[in-house]
Amino acid sequence: MTFSDENAFGVLIGYHAIEDDEYSLEPAQFALRFLEFRAAVRGCVEAFPLARAALGRELGHAVYLEFADGDQLEDPITWIKTVRAKLSASGLASVGVLSHGGRWLSDAPEEPPLDADNVAWLPGSLPSEPFRRALYAETASHGADEDEESGWGPGIYVDTEAVEALGRTLKNAPTPLAVAGATFFRAAR
C-alpha cells in the first residue's frame, strides 16, 4: 500500500443544537429531527453537487465532505449558505465550516471493518488536516458550558487557508477566530 498527499477542502455542516434537542425532545421526536437534518444535507449533496468526487462522512452530529483542491464544481461558501438556508427553513440551527490543508490518500481499496475481540473497528479517515481543522471550528462554535456566550455560535466559518486557496480577498478585516493553531473568519451568522 502506498500513501500520497494532496491539498484538499473540507466542508462540515453541523447540527448545532443537537444536544439541546436530544435532551428537550422525546426520543421519537429527536430521532425524527436528526433524520430531518441528515436528509436535508444529503438532499443538498445530491441536488447541488459540490465537487467532481468527494469523501463523505456522517459523524452523528455533523456531515463532513472532503474533496481535492481544484475538484470543486460550486463555490464552497455559496454551497454552505445554501445548505444552511435549507436547514434554517426547517428550524434547524447549524454551523458550516470550510477548511483547507493536506490530506493523505491510499492507492489500496478501503479495508473492510475489522471485528476482533468484541470491537468493531471502522475506519474513519486517513490523516487529514482539513478534517481536523473543521472539527476544531465546529467545537469552538459551542460554549464551554451552557453559557452560549463563550462559543462562536451558529454560523459559517472559513479557514484562512481556504480563503487563500480560493484566491479570495476579504472585503473588510473581520475578526480572526483562533482555535487549536487554526484561524477562521465568520462569513455569515
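Q: A residue is called buried when its relative accessible area is under 20%, exposed when that area is over 50%, and partly exposed in between. Why does D75 count as partly exposed?

A: The structure is a predicted model, and every value discussed here is computed from it. D75 has a relative accessibility of 24%. This value lies between the limits of 20% and 50%, so D75 is partly exposed.

Q: What makes D75 and R168 a salt bridge?

A: A side-chain nitrogen of Lys or Arg must lie within 4 Å of a carboxyl oxygen of Asp or Glu. The N to O distance between R168 and D75 is 1.7 Å, so the pair meets the condition. R168 belongs to the loop between α5 and β8, whereas D75 belongs to the loop between β3 and α3; they are 93 residues apart. R168, at 35% relative accessibility, is also partly exposed.

Q: Why is the pair R33 and D21 called a salt bridge?

A: Their N to O distance is 3.9 Å, which is within the limit of 4 Å, and therefore the pair qualifies. R33 is in helix α2 and D21 in helix α1, twelve residues apart. Both of these residues are buried.

Q: What does the salt bridge between R103 and E6 tie together?

A: The side chains of R103 and E6 meet at 2.5 Å, N to O. Because R103 lies in strand β4 and E6 in strand β1, the pair ties together parts that are 97 residues apart in sequence.

Q: Is R103 buried or exposed?

A: R103 has a relative accessible area of 7%, which is under 20%, so R103 is buried.

Q: How many salt bridges are found in the whole structure?

A: A search of the whole structure finds eleven. A network of salt bridges links E129, R133, D159 and E161.

Q: What makes a group of residues a nonpolar core, and how many residues has the largest one?

A: The residues must be buried, of a nonpolar kind such as Val, Phe or Trp, and joined through side-chain atoms within 4.5 Å. The largest such set has 26 residues, and those with the most contacts inside it are V11, I13, F37, W79, L87 and L98. At least two residues of this core come from each of β1, α2, β3, α3, β7 and α5. A second, separate core has 15 residues, including V95, F131, A140 and Y157.

Q: Which residues make the nonpolar surface patch of about 430 Å²?

A: The patch is made by M1, F3, W104 and L126. A residue of a patch needs over 30% relative accessible area. F3 has 46%, so F3 passes this limit, although F3 is still partly exposed. F3 is found in strand β1.

Q: How do you know that the radius of gyration of the protein chain agrees with that of a compact globule?

A: A compact globule of 189 residues would have a radius near 16 Å; the protein chain has 17 Å, so the two agree. The C-alpha trace spans about 50 × 45 × 35 Å along its principal axes. Of the 189 residues, 37% count as buried. The secondary structure comes to five helices and nine strands.

Conventions: Residues are numbered from 1 along each chain as its sequence is written. This is a predicted model: local features need pLDDT of at least 70, side-chain atom pairs count only at pLDDT 80 or more; totals for chains, interfaces and linings use all residues. Side-chain values use heavy atoms; hydrogens and water are left out. Patches are made of residues with over 30% relative accessible area and no salt bridge: like charges are joined within 9 Å, nonpolar side chains (Val, Leu, Ile, Met, Phe, Trp, Tyr) within 5 Å. Accessible areas come from the Shrake-Rupley method with a 1.4 Å probe; for residues, only the protein chains shown count as cover. Helices (H or I, at least four residues) and strands (E, at least two) are DSSP runs, numbered from the N terminus. Buried means under 20% relative accessible area, exposed over 50%, partly exposed in between (1.4 Å probe, protein chains only). The radius of gyration is taken over C-alpha atoms; the globule rule is 2.2 Å times the number of residues to the power 0.38.
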